[in-house]
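Here's a quick tour for anyone meeting this structure for the first time. Have a look at it, and then we'll go through a few spots together.

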Amino acid sequence: MNITEKILANASGAKEVQPGDIIEARVDLAMSHDGTSPPTINTFNKIASKVWDADKIVLVYDHNVPANTIGSAEFQRITKDFAVKQQIKNIYNHGEGICHQLLPEEGFIKPGTVVVGADSHTCTYGAFGAFATGMGATDMAVVYATGKTWFMVPGALQIEVNGILGENVTAKDLILHIIGTIGSYGATYKSLEFCGNTVDNMDVSGRMTMCNMAIEAGAKNGIMEPNPATLKYLKELNVGDFHIFTSDEDSVYEKSYHFQANDLEPQVACPHNVDNVHPVSQVSGESIDQAFIGSCTNGRLEDLRLAAHVLENEKVHPDVRLIVSPASRRIYQSAIAEGIIDTFLEAGAIIINPGCGPCLGAHMGVLTAGEVCISTTNRNFVGRMGDPLSEVYLANPAVVAYSAIHGEIRNPSE
């Protein structure tokens, strides 16, 4: 069996599973945020009165924090009341960070576990060797009530990457290139298993970026076997008591893809699909109105460092607003301590609190008709960041920062 099949077999009490099997799995951790908790709570209240395990539920305010509308404020009030009633102590409602950054930081994610979240980018946690996937409010309500859920065991696609990423080329470029190759529907309800020496040598930040965007290829989950950097990260957080599953040498995959990292240049996903991917050299010169650095995809300290390196002693173009949002409070504090925030401010950037706001077009960076944004986020669908007549390009932090300086999409390796 491969790593995903082994985790699901363990969670369902089966000796082995295979693609297509319908299983009932034990859930180790469940999460919902301020946008998805109220619909989950509404359904939960119809089927149960007490959650299965208050210590295994995490509630995070991140999509509209602080509340930007009366509706958002009401959603957050419902979530807080539920946490109090159910004695859920793991509630983060003061801008601590984006759920997919916060949960690993707080030591909730362990290899070999089953993690479900009422958000599609829950697949991020596959970077730690966990089976992690998103689900809707009704399914999440059942998990809150029973601690169990059903899955159809997904078939697996093997994504092997070898080689060394070049200057200003990051994990973001790699996953964009992969999605551009296999297509936004190329992995629908499949497990994307990343391997190869590029992945083995990748830091935790890059691994999270890769798994975060597995859903953009339609995948059920993205997953990697924990590498030394991952184990070091977990050890520093005092996370223990876990079992690492690895794929058997004779694991069966529906298809295997092989990528070389050496010659890859920065990639850009053009409007209005994540698989509309081109090398930055083919997009260079496109005028922009906004640049955004942040999100659960690329708001980590390593991303901010890369962008700050590009912006050092430079100024944001007068016709561009550059918005920066650290993915968590800890990252924000580290960026302040390292002088990164000063670099952004001196360049003319707008710094906003950790959260998801601009990524989903909620607040603090909404686009109007005709505006163009280059962003480190994960989606560029029609209307994703505001008006349906706006456009969003996706790129790595170095490309976004360099483009903000010049007022048009440019390659920082110039």
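Which element gives the largest share of the lining of the largest pocket? Keep that in mind as we go; this is a predicted model.

## The largest pocket

Let's start with the answer: α9 does, with four residues. The pocket itself has a volume of about 410 Å³. It has 18 lining residues, and those closest to its centre are Gln101, Glu105, Tyr233, Glu236 and Glu302. The elements that give two or more residues to this lining are α4 (99-105), α8 (204-212), α9 (228-236), α11 and α12 (329-337).

Sorted by class, the lining has eight charged, seven nonpolar and three polar residues.

## The second largest pocket

Next up is a space of about 340 Å³. Its lining also counts 18 residues, and nearest the centre you'll find Leu165, Thr170, Ala171, Met202 and Asp203. Two or more lining residues come from each of α6 (171-182), α7 (197-200), α8 and α11.

Here the classes work out as nine polar, five nonpolar and four charged residues.

## Helix α11

Helix α11 covers residues 301-311, and its buried residues are Leu301, Asp303, Leu304, Ala307, Ala308, Val310 and Leu311. Just past the helix, Asn313 has a positive phi of about 60°.

## A patch on the surface

Ile22, Trp150 and Met152 make a nonpolar surface patch of about 340 Å². Trp150 sits in strand β7, residues 148-152. Is Trp150 buried or exposed? Trp150 counts as exposed because its relative accessible area is 52%, and the cut-off for exposed is over 50%.

Conventions
Residues are numbered from 1 along each chain as its sequence is written. This is a predicted model: local features need pLDDT of at least 70, side-chain atom pairs count only at pLDDT 80 or more; totals for chains, interfaces and linings use all residues. Side-chain values use heavy atoms; hydrogens and water are left out. Buried means under 20% relative accessible area, exposed over 50%, partly exposed in between (1.4 Å probe, protein chains only). Patches are made of residues with over 30% relative accessible area and no salt bridge: like charges are joined within 9 Å, nonpolar side chains (Val, Leu, Ile, Met, Phe, Trp, Tyr) within 5 Å. Accessible areas come from the Shrake-Rupley method with a 1.4 Å probe; for residues, only the protein chains shown count as cover. A salt bridge is a side-chain nitrogen of Lys or Arg within 4 Å of a carboxyl oxygen of Asp or Glu. On a 1 Å grid over the protein atoms alone, a cavity is a set of points where a 1.4 Å probe fits but cannot get out, and a pocket is an open set with protein on both sides within 12 Å along at least five of seven lines; lining residues have an atom within 4 Å of a point. Grid points are joined across faces, edges and corners, and a volume is the space filled by probe spheres set on the points. Ala, Val, Leu, Ile, Met, Phe, Trp, Tyr, Cys and Pro count as nonpolar, Asp, Glu, Lys and Arg as charged, and the others, Gly among them, as polar.
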